[in-house]
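Good morning, and thank you for making time on the agenda.

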Amino acid sequence: MVFAERLVREYETDEQAADQRYKGNLVEISGFVSEIKASVSNVPDVMLQVDLPGNYFIRCIFSIEESSRLHGMRNGQYIRLRGVIAGKSDYVVISSCVLL
């Protein structure tokens, strides 16, 4: 299991090294829901708040098939998920997410 804070800290410190370590790998991560929204392609996204100084989030992209499991999820809720690290753009992005 990778903690959200550790993952973001590693990407903020050295994005290239973090990509070499994590990108394309399946990880389990936990954190607190900050926002739930549908992306442009109607695929559900969950933003996890990261408890670090500043305004850091992890974007978790779920499949449409997994979206039914997101009903009832609330901001502030603690979740665990598994997904593939896609790298970092504005946020660290995890794709193919599945709730655990």
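The model before you is predicted. Its protein chain has an average pLDDT of 90, and 100% of the residues score at least 70. Within the chain, confidence is lowest in strand β1, residues 2-3, where the mean is 84. Helix α2, residues 15-22, has the highest confidence, at 96.

Let me turn to the strands, starting with β3. Strands β3 and β4 are antiparallel partners, paired over five bridges. As a point of reference in this pairing, Asp 45 stands opposite Ile 61 of β4.

Strand β4, which spans residues 57-62, also pairs with β6, residues 92-99. Here the sense is parallel, and the pairing runs over four bridges. Arg 59 has Val 93 in β6 as its bridge partner.

Which strand pairs with β6 in the antiparallel sense? That strand is β5, residues 78-88, and the two are joined over six bridges. Together, β5 and β6 form a hairpin, with three residues between them.

The largest nonpolar core comprises 26 residues. Leu 7, Val 46, Ile 58 and Leu 81 have the most contacts inside this core. Two or more residues come from each of α1, α2, β2, β3, β4, β5 and β6; of these, α1 covers residues 4-13, β2 residues 26-38 and β3 residues 44-49.

Leaving aside residues up to four places away in sequence, Val 46 touches Val 33, Glu 35 and Ile 36, together with Ile 58, Arg 59, Cys 60 and Phe 62. Leu 70, Met 73 and Ile 79 are also touched by Val 46.

Finally, consider helix α1. Which of its residues are buried? They are Ala 4, Leu 7, Val 8, Glu 10 and Tyr 11. Viewed down the axis of α1, the buried residues fall within an arc of 160°, so they line one face of the helix. The cover over these buried residues includes β1, α2, β2, β4, β5 and β6. Leu 7, buried in α1, is also among the residues with the most contacts inside the core.

Methods: Residues numbered from 1 in each chain as written. Predicted model: local features only at pLDDT ≥ 70, side-chain atom pairs only at ≥ 80, totals over all residues. Heavy atoms only, no water. Pairing = 2+ DSSP bridges. pLDDT = per-residue confidence, 0-100. Core = buried A, V, L, I, M, F, W, Y, C linked by side-chain atoms within 4.5 Å. Buried < 20%, exposed > 50% of the residue type's maximum accessible area, 1.4 Å probe, protein only. Contact = heavy atoms within 4.5 Å. Arc of directions from axis to C-beta.
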